[in-house]
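Reader: I would like a close look at one position in this model, and then a careful account of how the surrounding chains are put together. Could you start from that single part and work outwards in one connected answer?

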Amino acid sequence: MKAAPRRLDWGDGAALLYMALALLFIFLPVGSLILFAFQDGMAPVPPFKGPTLAWFDKVLHNRRLIEALWNSVLVGGLSSLVATFLGFLAAFSLARRSWRFAEGAQLFLMAPITVSYLIIGMGLQIAFNLLGVDRSLLAVGIGHVVINLPLCFAIIYSQLGEHQANIERAARDLGAKEWQVVGLITAPMLWPTLLAAYFIAFTLSWDEFVIAFLLSRFDVTLPVVIWGLLRSGLSPELNAAGTLVFAISIAIVAAVEFLLWRGRKAAVHG
Amino acid sequence: MAEQKQRVSLRRISKCYDDSIALTETDLDIAAGEYVVLLGPSGSGKTTLLSILGGFVAPTTGKVAIDGGDVTDLPPAKRPTATVFQDYALFPHMSVAANVAFGLAMRRMGKVERLRKAEAMLDLVGLKGFGGRGVHQLSGGQRQRVALARAIAVDPAVLLLDEPLGALDLALRRQMQEELVRLQRRLHATFVHVTHDQEEAMSIADRVVVMNHGRIEDMGPPARVYLKPASLFAARFMGENNLFEGKAIGRVNGQTAIDTAVGRLLADQNAASGEALHVGIRPEQLRFAPELGAQSLGEARIEEFSFQGTHFRVRCRLKDHEILARVPAETPPHVGETLPLFVRFEDLVLLQQ
């Protein structure tokens, strides 16, 4: 039922003003970053002159940046795949098998979420040192699996309810073997959730700086390169690079929202 | 009816959990082609019994045999049973046809052949031409039919139905009850159906198994269980009943005399002298004029009534005890009036404590 329309009063005005200020506070930094990426001049500071696409052109021809971009795609793409896969297996087993230590195991799986990336990065550095693993993209990827696995686990676990368990039971009843249940029923049934988990892991990896900085050496990811460039001063080129990174993140988040929305719709009707 | 082949045999089946008993030792035989309904309130053990039959729950003790073969230790996939789940449990990412053909695919039937059979099954449940649709495009009743088609597609020796109509509205439920019975007759199949709805049980079952607190209270054809229940619980659970505590005091002219709170009553049914028991009188068995073979209960005062279409449901007070009666629709009752009540000797049911 819709509430009857009501005349706006002073309270509403104040609330709207407050909301506008809050949104300004949140979006001003991003807005100015994007605006001055189009600056026709050497400094990304007011007054705004432009617009020009020259800085984007420069970014796309900056070999270090482009190389780092592909490194980021590689690290994000593969580490998210591993995190999603491992998260799925853990979630499936903890949701489906009644096991004495299930709650404890779940707690341990989720615990890394509460630990800061700095601590995890340092811990990984020490561990890799002991194991003789060099600082490299592989090390960064493993680090990103460590931080994303709990998240993927939590997202997938939340979707493995009793209704889904019953659907798997029906498949078993009709003669499906365990691998057929997982491969033909559980995974396909959960694909929107699996994709959402994958893309969320990817965006976090894509943006992640601390662990990437601590665990990489010669080949680096995009945030590390941008940080390096920042040290040599502000330039609209950095704004352009930041704008690209931001645009890609937004695209992925939009994709996740869409998939989750479709998944919810299917769940409501399913 | 000819002697029928035995399909299912449950022997001394029980199920205990850590701190509770879901099912006490129970025996149950089911004939081929029989429609058996397990009826009881939640927690009565009816679903546990069905799950044990389907292989989803392992019994603590006892043996399950189907067509003479011991299946006690077999998983659901290896049993000749198929289950229709309460929430249907359809595969949401598959088409209707793929859902129905799933069990056949697991049995390695070729694609063309299994899709043909799936179409035939859909036809059987009244969903001809729905094969290409997605599950989310179907209504609740249609999903129920798909779940049914999917289960019967694998030609199970026993079809298990776990409260299959619970999620449907009343009109649709009545219609599906008729269709289930028609389908079962047509396939000459054995159906075991769990429900807590006694009207549903009575209308579809060849045999009702009334359960409570993990044990079978009574079983038999619906009419027998309704009219001559074997236990107090069955008498209370199946339809409305007037129950009075009493004590058998002896035999008079081949009839049992019982002292009850509403006076001394005579029943055709036998009971040992001195036995404490309950006397059951169905509301529709109360008569309002003397007749041969009936006794008077006295005059009851009408306290409340409601119109039910075919009759008035009347709540009266008889010697300080509440009693329900059914008055024909053409003689409307009035609150405060008295109603003479009679009941036939043969209609009284004596129930042991």
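Author: Glu322(B) is exposed, because its C-beta atom has 12 other C-beta atoms within 10 Å, and a residue is called exposed when that count is 12 or fewer. This is a predicted model, and what follows should be read as a description of that prediction. The residue belongs to strand E17 of chain B, which covers residues 321-328. Once the neighbours within four places in sequence are left aside, Glu322(B) is in contact with Arg315(B) and Arg317(B). A further reference point is Phe244(B), which lies 78 residues away along the chain, while its C-alpha atom is 9.9 Å from that of Glu322(B).

Elsewhere in chain B, there is an open sheet of four strands, ordered E2-E1-E4-E5, with antiparallel pairing. Its edges are strand E2 (20-31) and strand E5 (69-70) of chain B, each of which pairs on one side only. Strand E1 of chain B, residues 6-17, is joined to E2(B) by eight bridges, and these two strands run antiparallel. Within that pair, Leu10(B) stands opposite Leu28(B) of E2(B). In general, the strands of a sheet pair through backbone hydrogen bonds, in either a parallel or an antiparallel manner.

Chain B also meets chain A, with 19 residues of chain B in contact with 18 residues of chain A. On the chain B side, the elements that give two or more residues are strand E6 (81-84) and helix H2 (96-106) of chain B, and the largest share, three residues, comes from H2(B). By residue class, this side of chain B divides into 12 nonpolar, five polar and two charged residues.

Along its principal axes, the C-alpha trace of chain A spans about 70 × 70 × 30 Å. Of the 270 residues in chain A, 34% are buried. Among contacts in chain A with a separation of 6 or more, 77% are between residues 24 or more positions apart.

The domain assignment divides chain A into domain 1 (10-52) and domain 2 (64-269). The centres of these two domains of chain A, taken over C-alpha atoms, are 32 Å apart.

In helix H11 of chain A, residues 222-231, the buried residues include Leu222(A), Pro223(A), Val224(A) and Val225(A). H11(A) is followed by Gly233(A), which has a positive phi near 100°.

How values were computed. Residues are numbered from 1 along each chain as its sequence is written. Chains are lettered from A and ligands numbered from 1 in the order in which they are written. This is a predicted model: local features need pLDDT of at least 70, side-chain atom pairs count only at pLDDT 80 or more; totals for chains, interfaces and linings use all residues. A residue is buried if 20 or more other C-beta atoms lie within 10 Å of its own, exposed if 12 or fewer, and partly exposed in between; C-beta atoms are placed from the backbone. Two strands pair if DSSP finds at least two bridges between them. Domain bounds come from an automatic or database domain assignment. Two residues are in contact if their C-beta atoms, placed from the backbone, lie within 7 Å. Ala, Val, Leu, Ile, Met, Phe, Trp, Tyr, Cys and Pro count as nonpolar, Asp, Glu, Lys and Arg as charged, and the others, Gly among them, as polar.
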